[in-house]
Amino acid sequence: MSMQLPLLNQQLIKAKNLKTVFSIILDEGGISRAEIAKRTALSKPTISSLVEELIQKNFIVDSGKQQVSNSVGRRPNTLFALEKQHFIPVVTWTKDKVIATLLDIFGTAIDSQELMVTGKEEYTAATKKLFTLVCNRKTVNGTILGCCLILPGMIDSAHNTFYSHPLGIHDTNAMSTYEKIHECCSDYPLAVLQDTACYAYAEKVFANITEENFAFINFNQGIGASLFIEGRMLGKANGAFTQFGHYSINPEGDLCTCGNRGCLENEIGEGSLEHRVPKVPGCKGNRIEQFGSYKALGTAVRDGDTIAQQVLNSLASDFAQALRNLISIVNPSLIILGGRCQNLGASFLASVQSSIDAQGFGQMTSHTTIQYTSLDSDSYLKGAVRYFFDMYYEFSDALGNPIYIG
């Protein structure tokens, strides 16, 4: 036993170093061995050994191309991460279907398939079928590193529950569900992640966000938020730390399925428009259909419709109330909005900012920038792939194939 422990420690240290070296190569898109040695403080022989192993495992390639350098003498060759060699299947639950996407380590989608579902009991069966299909996909010449399941809602491992307002699911024995799903892909680790957190992680990695404290707010089937505090995601990617969509902005509002009244999701979510539009002075009944979605409302505002502008301003005012409290609690220097709210356009951002400036705690709110995401609507997939790799993947078999929650 005493001989095995040092050997195991050596294996874990080597696995950690392999991951460090590969992560640098993946991020840089071309870097020399010497530069990696400088950044990691590992010896050049150690770096050479690690690089050779990564080459043998088809994670990287030595391009043979020499970098431009101002130094005199032989220029070093450049290392690149290989595309379409290592894959992560990601299955996503949405309101009416389950979607399976096969992505490589870069977050590039290779294939996508989906199954329609009509009830909450169908999600698990559809997920198992799709994971089995994707993991057994014969046309992929490469290696699967692990699997991800992305859920919209609160993945609460402490209380073994999964709660999703958008899906109408409250699973009080969630681990049993995850274990059933894992049966069909048990050769790989499985990470169960929340959608908004995956969007937020994509912002951090792929949008090159430099702010240490920022919030990502997701307007999709529901409204969610994920926070980065001092460069680190608050909690994990499970949504159990921030249920922003169930922050109440109207104690007299409609009863939410969560038990609160006047939840943000109900008050400013896309589904709230049918109730909000008739309350605007001078609005006639037919306007409910005209402004029944964020996209329709945003288009009407851009066309100069004054009633549409009033509806948008009322949305922005209510949203700003929630943001003012968020800013007062965690003081983010940047708030990024993603999802369907982008269809409301620049007028919505301006109205939100104006409302915050007029009513917020100026000493704090004046230092916060609000902007739309610059990433695509499927960026959560890239975020999930990178989160799984950064947080859970190991270049070692010592840890087996566990289920990771968040």
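Trainee: What share of the 406 residues in the protein chain is buried?

Mentor: Keep in mind that this is a predicted model. Buried residues account for 48% of the 406 in the protein chain.

Trainee: Okay, on to sheets. How do I read one?

Mentor: Strands of a sheet pair through backbone hydrogen bonds, and they do it either parallel or antiparallel. Here, take the open sheet of five strands, ordered β14-β13-β12-β15-β16, with mixed pairing.

Trainee: Which way do β12 and β15 run, and how many bridges join them?

Mentor: They run parallel, and six bridges join β12 (residues 214–219) to β15 (residues 334–339). For instance, phenylalanine 216 has isoleucine 336 of β15 as its bridge partner. Helix α6 packs on this sheet too, touching β12, β13 (223–229), β14 and β15.

Trainee: At what angle do α6 and α14 pack?

Mentor: For α6 (residues 195–206) and α14 (residues 379–391), the angle is about 80°, with the axes 7 Å apart. That's why α6 counts as roughly perpendicular to α14. Among the residues making the contact are Tyr199 and Phe206 of α6 and Tyr387 and Met391 of α14. By type, the contact residues split into 10 nonpolar, two polar and four charged.

Definitions and conventions:
Residues are numbered from 1 along each chain as its sequence is written. This is a predicted model: local features need pLDDT of at least 70, side-chain atom pairs count only at pLDDT 80 or more; totals for chains, interfaces and linings use all residues. Side-chain values use heavy atoms; hydrogens and water are left out. Axes are lines fitted to C-alpha atoms, for helices over the stretch in contact, and angles run from 0 to 180 degrees between N-to-C directions. Helices (H or I, at least four residues) and strands (E, at least two) are DSSP runs, numbered from the N terminus. Angles under 35 degrees count as roughly parallel, over 145 as roughly antiparallel, 65 to 115 as roughly perpendicular and the rest as oblique. Contact means heavy atoms within 4.5 Å. Ala, Val, Leu, Ile, Met, Phe, Trp, Tyr, Cys and Pro count as nonpolar, Asp, Glu, Lys and Arg as charged, and the others, Gly among them, as polar. Two strands pair if DSSP finds at least two bridges between them. Buried means under 20% relative accessible area, exposed over 50%, partly exposed in between (1.4 Å probe, protein chains only).
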